[in-house]
Amino acid sequence: MAEERTPTKTIVAIGSIPLIMTLGNSILIPILPKMKAELHLSSFQVSLPITVFSLVAAFAIPFLGYLSDRLSRKAIIIPALLLYGIGGVLSGMAVAWFSNPFIWIMVGRTLQGIGAAGTTPIAMALAGDLFKGAEANRVLGLVEASNGFGKVISPILGSLIALIIWYGVFFTFPVVMLVSLILTWIFIKEKKTAKEPPPFKQYIRGLASVFKHEGRWLFTAYLAGATCLFTLFGILFFLSDVLEKPHNIVGVVKGLVLAIPLLVMCTTSYITGSKIGENKKLMKRLIVLGFVFMTISYALLSFIGHLTLFIAVLAVSSLGTGLILPCINSFITKAVGKERRGFVTSLYGSVRFFGVAIGPPLFGWMMGWSRLGMFLSIAGLTLVVGVLAFFMIRVDQGDKEEEKSGGSQSHYELKRKKPVGLMNPIRGRVR
């Protein structure tokens with residue numbers, strides 16, 4: 001558990017870290033049409049600052065997760081925050097000073113992607129280190145809510161800054177980074193461990209064992225998280241374009257409209273994380289229910305043209321996303337012990353970033369193909385993932401006895417009394 005004298009400040013500090021990753025993409029969405037016009041870019045080029053940021057982060061996350069297991073969480077988070085801020089400054093200065101700034105924007109976004117890789121996934125692992133049981137789930141819900149809150153304020157903030165100068169959003173990154181850096185430096189106190197980190201070969205063997213025995217449900221959980229982020233950023237890209245062209249909604253009003261589904265997701269994430277406790281049966285039900293909501297929402301959006309009704313139905317999908325992500329976060333964060341948690345949560349963050357990366361360009365392609373086909377395809381995807389979650393994530397009563405007998409370390413760690421096999425965090429028994 002976190003130090004008792006400053007638990008609230010510690011939680012606030014952890015919650016500030018996901019804002020960094022969220023702002024990295026969401027704040028740019030309102031200015032993409034302006035960037036396209038000012039820099040004379042194609043539709044494909046204007047999607048690249050988001051795609052490159054996300055792809056770089058996706059590849060860097062597992063590496064930084066491994067280092068956080070070997071070193072410490074703060075030893076990764078603090079340099080990552082600094083690199084993130086530097087990338088923002090470089091991108092903004094390139095637009096202000098250079099006649100052809102796009103290549104330098106891409107360099108800055110690459111640096112930011114590396115920096116973002118050391119934020120939310122490491123913060124999730126840190127929450128698992130410092131908090132236990134229902135309190136850990138509450139903090140993980142707050143991490144996801146903070147992520148969602150960043151998505152809520154990003155379109156509004158981006159639109160407001162663009163009223164002054166469109167590339168001013170790049171200079172927002174170092175300001176927000178500095179706040180999170182100070183909070184992290186002062187208020188997060190990691191416990192020193194007396195144990196030496198395992199040798200590299202032993203570490204890899206342990207990870208291989210985890211994925212050998214728990215691979216089916218872990219990959220399903222990874223796919224669920226990636227699907228949520230893929231659909232979220234894809235639909236935001238679609239909505240940003242639709243608001244401007246047919247409806248002529250721009251500026252702050254556009255940011256406020258984009259924030260509506262995000263606010264629903266953020267609020268739902270916070271409430272879900274606060275209420276699920278350690279009830280794994282409830283978590284599974286909420287995951288499946290969330291995908292039901294997403295499937296119904298996207299299927300209905302195929303036939304809705306009225307903007308107000310469109311936003312209302314889209315909010316149902318956001319409600320589903322808010323139910324899913326805190327529960328998936330909890331399962332994955334507790335999948336292994338502290339010594340490998342950084343890698344497992346970081347791999348989860350990596351696949352989420354892949355979802356973010358492919359969302360805008362794939363939705364952009366599907367928009368030119370068929371609106372009906374786009375929404376029905378997405379509804380089919382969420383239906384398939386929901387079915388996989390229903391069958392692959394299984395909860396038994398047997399885990400109660402495991403908790404009683406094993407459990408001071410974690411519900412999910414290897415039990416010494418069981419010489420063969422790894423306890424399944426979902427099934428609650430040894431195979």
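Among contacts between residues at least 6 apart in sequence, 83% join residues at least 24 apart. Keep in mind that this is a predicted model. As for secondary structure, the protein has 15 helices and 0 strands. Of its 431 residues, 59% count as buried.

Now for a pair of helices. Two packed helices are described by the angle between their axes and the distance between the axes. Take α1, residues 7-26, and α4, residues 73-97: they pack at an angle of about 30 degrees, with axes 11 Å apart. Angles under 35 degrees count as roughly parallel, so α1 and α4 are roughly parallel to each other. Their crossing is left-handed.

Who does the touching here? On the α1 side you'll find Ile17, Ile20, Leu23 and Gly24, and they meet Ile77, Leu81 and Tyr84 of α4. Sorted by class, that contact has 6 nonpolar residues and 1 polar one, with no charged residues.

Next, hop over to helix α12, which spans residues 307-333 and holds Asn329. Is Asn329 buried or exposed? Its relative accessibility is 0%, and buried means under 20%, so Asn329 counts as buried. What does Asn329 touch, leaving out residues up to four places away in sequence? The answer is Met124, Leu140, Glu144, Tyr348 and Arg352.

Notes: Residues numbered from 1 in each chain as written. Predicted model: local features only at pLDDT ≥ 70, side-chain atom pairs only at ≥ 80, totals over all residues. Heavy atoms only, no water. Helix = DSSP H or I, 4+ residues; strand = E, 2+ residues; numbered from the N terminus. Buried < 20%, exposed > 50% of the residue type's maximum accessible area, 1.4 Å probe, protein only. Contact = heavy atoms within 4.5 Å. Axes fitted to C-alpha atoms, helices over the stretch in contact; angles between N-to-C directions. Parallel < 35°, antiparallel > 145°, perpendicular 65-115°, else oblique. Left-handed = near helix turned anticlockwise from the far one by under 90°. Nonpolar A, V, L, I, M, F, W, Y, C, P; charged D, E, K, R; others polar.
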